[in-house]
Structure formats: structure tokens, C-alpha cells
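Here are some notes to go with your first look through this structure. Have the 3D view open and follow the points in order.

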Amino acid sequence: MPLDSRWHHYLVEFADPPTAEHTAATLLAPALDQAQQDGELDRWWHLRKTPAWRLRYQPVAPDTAVVDSLLAELETDGQVARWTRGIYEPETIAFGGTAGMDIAHTLFHHDSRHCLARTTAPAALGQRETTVLLFSAMLRAAGLDWFEQGDVWAKIAALRPAAHGHHTDSQRTERWNQAVRRLMTTNTHRISDVAPDQVPETWWEAFDTAGRQLATLAREGQLDRGLRAVLVHHFIFHANRAGLSGPDQATLATLAVDAVFHSTPTRQAPAGTTSNTVRVPAMTTTVSDASTDSADELRAQLTDRLIKDGTIRTDAVEAAFRQVPRHLFLPGLPLTEAYADEPVYTKHEGDGTRISAASQPKIVAMMLEQLGIQPGERLLELGAATGYNAALMTTLTGPTGHVTTIDIDEDLVAGAREHLAAASISNVEAVAADGALGHPEAAPFDRVIATVGAHEVPAAWLDQLAPGGRLVAPVRLRGCASRSIIFERDQDGWSSLGSEMAIFMPLRGLGDDARRVLDLTSTGDVTLQTHKDNNHATNPDTLAGVFDTPAREVWTGVHFVPMESFEWLDLWLACHLPNPLMRMEVTPAAKDSGLVRPMFPTVAMATTAADGSLAYLTIRIAEPGPDGGRRFEVGVIGHGASGQELAEQVASEITAWDKGFRSSTVRFTIPDAAPQPDTNPGRVVLDRPTKPMTVTWE
């Protein structure tokens, strides 16, 4: 990690550790605040460590000695046992890069002041409850939808895993879940209006602002790590300042995950206000602190999680994940982050666009299970990236097999070679070439896997497969609908054996499938991610001002239950609408103002028409189902000159899917003979320049 000479760094050991927080709050913090008011320093913040706390501040003048004098006085008075100056090494990579680190420093300053202030003036709301409120406000401000928030909490739970499960009755657990869910969905703005003593406005505003700023960096491609991974790191740092123990953090994260994935609907509950009766009970779960574990232990924990959630299903893939050291393919990254279930972005274009990454381990494992590698096989990978996936593949195929991995960028190939050498893996050939052409020099291959998204499956990938071979590739079918599909040869061409929802960075080179983002509000509050098959109906000029027109609602009578996936409905709409579905992202401000009402808090699927009209999906609570369970009705909201007609068209397709194809199995084919158009709505031909595909609901 880089040194930062702008910050002065101190290690402070308090004379009486049990009263360290009180000493810091009553003597240290007021003096630092006064020095800031006097123009001696800019920002300051702290971390609790044993035996010495960390104190950092940014001086206005580099040679200032104001903090040295203060600590010397406290040492003379017997409040501080000893203190020393050190060198500050900011965790710049962990917080997403230089810009992300600067956002973190500002949040650290405000958070430190308020955490210590609670020591001298305790609030009615407990620290655990306050932490959930503040962090949830940050997640919403960062633009995360309900399930994305749950994923962040799940990553925290992975870093703060409970060593033993809860042993309590279900009614008590449900009460705890309800309390946490209420805190997670509470409108922090209203708290400051009705109970400012519980969460001071400047405190939650600091978290809100940091979340919005990080979202902007992510949207502009200026974060060097995934947004959710950065947010997880912010939680860990806040929990330290707030004095939350490892068990407290583990249980809060577990309750939050349960609130999202096991007892809540597919969108947030209505926001409200909280009171001092909303309490998270005392935390008693024992945890092991993953931050101090070895690489072997962290790798084992990651593997165990992927087995538990059903991603890893075979002994061979399990053994590969336990053996291959992912951290050697991500040099410079903290161990806990190298073994987090999170993608790591490793290369950007000049404009900040991400073009390469170490894929999320869950996706890596899922695709390796799809590929079904056997010992002794010859394998081709399109998209070398860091070389980690190739290392797993060569572990699976063994010493009698061979792996060829290809990337279009020389620097990525060179890096992959270095990482493979560091891991003592030699049975891999890394080649710099256009992946769309495959690697005919080493063909045929028993298995081919693409770890880049393709709109058309290149003929070379199929032609270079040996008889009985298998291709696994993430194919963007239409619009934003993308699936990792297993293809094998049959008598009529190539047919799918299964598929999983997966989205990858697009292939570059001959098979380029670039995306673009349209700002529908000119403020970044509502954006639309478009693809080349959307271009005919996504003119920015005609879409300008679309939300200035009235909203037209159409409700479908089609219902979903909590946790039911929308992926198959999305696929149907992508394949059947004239302009296939696109991902519309919405900031909390746009939703809170009533400008849009997306189906999830910050995301909705949308389509547009050539005249600049737009329609997007929404949901509302419906009457309970026949079993008394919760249900949600799908609706469509249209804007623009033909917004009503467009919404009705989308609603009609939703109804058609629900009545005739909801329970169908979907099969994908790449036939040898050019497929003919079909009037049967259960069969769709996807036009491609050389290898058209069919999608069949059967």
C-alpha cells in the first residue's frame, strides 16, 4: 500500500485501557476539534487497536506540532502511557483507489467525532441499531437495490463468520429480523426531523454523501474495486470506531442477510421512523476474525461457503478451489479481499471503462461445474485475465492434460504468466491473440470456455472442439438478457444442456459487443444501459425529457412471491419485445422524489420506442396467494408520446408468458441450417451474422 505523507500517524497507548474511549472522547477529541477550528489541522480520525490506538490527522502546515504537544501533556498527566509517531499506509486499493480513499478519509473524520461523542452523551438509540441505520443509508445512497444490499451484508458475514449457529427459538429470531429490517428500511432523513438526538444530521449525512460519491466513481469507472467490496470495507472500519465486537458484527450481518433473503419481499418495506423501542438484542455468537487468518484458512472458508450455497457440487472443483492460491493472482490485494466472493477489476480503458477483471469466485465455480473437466483433457479458455481460472482448470485436467488461455492484451497475458509462475503452475500456455479466433494451432480441444461475454458464438470456438467436446460461454442473447450456456453437438447442430444467468465484460476485437450508458435525466439520476441491438430505438435526443411526460400505469395480474427470480420473465421480454430489455438504474433521490417507481429500489428493466417513449417494470403488493403467502403484482409504467401503448405492449407479453410459458424449460440451439422464422411464440430466432440461434420454450 502507498505511503501518504499528507497524514500524520500516531500510535497511542492509554494508561488505563478500559477507560481509553472515555479519555479519547473527553480529552483528545475536544482538543483535536479545537485545533481544527484554530486552523492547525484539517481532518482527523482514529481506529481502536490493541495495545495502541491509531490516530491520524491532516495538518494544515506540515511542521505543525499541535498533536505532539497534546499527547505529551496527556502522557505527563498519566492519561497516556506512551505514544510514538509512525508512517501512515492507507489501504488505497481496499477503498477503491485514490479518489475512493479521499472519500473514506472524509467519512472517517465525521464518523470518529460522532462515535466518540456518544461516550459522553449516549443516545437513546443503541450503537448496534445506529450502525444498521447509518450503513443502510450509505448502501441506499450508493444506489444498491434491496438484494444488492443483502449481498453486501453477506460479504460482511463472510468476513465475520460465526463459529457456531444461533441457538434460539424461531419467534425470538423473527423479532430480531423484524427489528433489523425496520432499521434497514428507515428513512434516515425523517429520524433527524423527529428525533435528532438519536442520529445527528451531520452523522448520517456523512454516510449518505460518501455512498453517493462512491456510486458516482463506480458509474464513471473510477473505482479500482467493486463498489460492494469497498462498502464492506467501510463497514469494518466503522464497526471498529463504534466499538462493535466481532460477535456483534457477525450477528448484525447474519440478521441483515436473513432480513433480505429469508423473510422479506423483493423490494424494501415502506420507510418510516424509528424509536428507542427498536432494539437489536445483545450479541453472544462466537466468531473467528477472518482478518487475521492465513491464506489457507481464508481459501478454505471461501470454498466452504461455495459448497454450502450449492455452487460447488463436485469433489474435483472443491479440491481445485482448496488448492489454488487466488491471492497470488491478485498481488497487492489484502488477503481477506483476495478471498472475498467479489470480482476484482484489474484493467480500465482511458475513459475509466472496465475491460478486465478477476471474476467473482461464485461465477468461476459455477462455470467450472458447467464445463465438467475430466483428467487428461485439452482445454481452451478465452479471456486469460489474471490467470486464476486457467490455474483451476489445469488443476482439474491434471498433469496429462493441457490448458491454453488467450487474451487480446499483451500486458494481461504477461501478468497471467507471472501469476502462474508464482503459483508454480506450468501446464498452461498463455497466448496474446484475439479470442474470437480461438487457437487453431493447438486445436482440437475437449472443452472450450469463454470468460468474456459474446453476442454471437464465434464459429472458431465450435470448429476447434473435438468430437464430443463441450463449449461453455456467457452469451448475450438480446438486450440485457445474458446466460452462461452449455453447448454440445447433436445431429442438427449445437444444443444447450443447461444455462445459468451470468453477465460478463464483453468480448473485444473481432467479436466486439460494446455497451453504452444513456443519461435520461441529464443529472445521472436515471440511466439506461444499452447494447447494439437497442440502437434503433435509443436516440438520446428523442429520449430527452421523457420523464417530463405523464406516467401511464398498466397492471398485469401476474404475481411473484418473495425470492422468486424474474430471470425467465426478463428473458421472454428480451426475446419478444421489438426493442429488447435494458437495465435502467435509478438513484435513491429519483425514487424518493417520485420521478420513477422501479420494481427494485434502484433498478428496473425497461424498453424504449423510436419516438422516445419508455416503459419500465414495477411491482406492488397484491392480495395474499391461495396459501396465504405474500405476493407482488407486476406492472408497467410508460412515459412519452406512445407511453400508454408501449406499456400495454409490455404488459401483454408478460401475460402471455405467465399463461403459456411460465413453467416451460428453455433450450438454446445453434443449428447447422439457417433457422426459419416461426409464428409459434414459444420459438424465437436470434439473428446473427454467421451463427443464428434459437430460443425455445418447451
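1. Start with Arg-85 and Asp-68, whose side chains meet in a salt bridge, 3.7 Å from N to O. Arg-85 belongs to strand β4 (residues 80-86) and Asp-68 to helix α2 (residues 66-76), so this contact ties together parts that sit 17 residues apart in sequence. Keep in mind that you're looking at a predicted model.

2. How covered are the two partners? Arg-85 has a relative accessibility of 44%, so it counts as partly exposed. Asp-68 comes in at 15%, which makes it buried, because the cut-off for that label is under 20%.

3. Next, go to Glu-21 and Arg-48, another salt bridge, with 2.2 Å between N and O. This one links distant parts of the chain: Glu-21 is in helix α1 (residues 20-37), while Arg-48 is in the loop between β2 (41-47) and β3 (53-59), 27 residues apart. Glu-21 has a relative accessible area of 26%, so it's partly exposed.

4. Buried or partly exposed: which label goes with Arg-620, and which with Glu-633? Arg-620 is partly exposed, at 34% relative accessible area, whereas Glu-633 is buried, at 10%.

5. Some salt bridges share partners: Asp-151, Lys-155, Arg-228 and Glu-342 are joined into one network that way. As background, side chains of opposite charge can pair when their charged atoms come close. How many salt bridges does the structure hold? The count is 28.

6. Last stop, helix α9, which covers residues 227-242. If you try the sum yourself, multiply 1.5 Å by one less than the number of residues, because that is how the expected span is defined.

Key. Residues numbered from 1 in each chain as written. Predicted model: local features only at pLDDT ≥ 70, side-chain atom pairs only at ≥ 80, totals over all residues. Heavy atoms only, no water. Helix = DSSP H or I, 4+ residues; strand = E, 2+ residues; numbered from the N terminus. Salt bridge = Lys/Arg side-chain N within 4 Å of Asp/Glu carboxyl O. Buried < 20%, exposed > 50% of the residue type's maximum accessible area, 1.4 Å probe, protein only.
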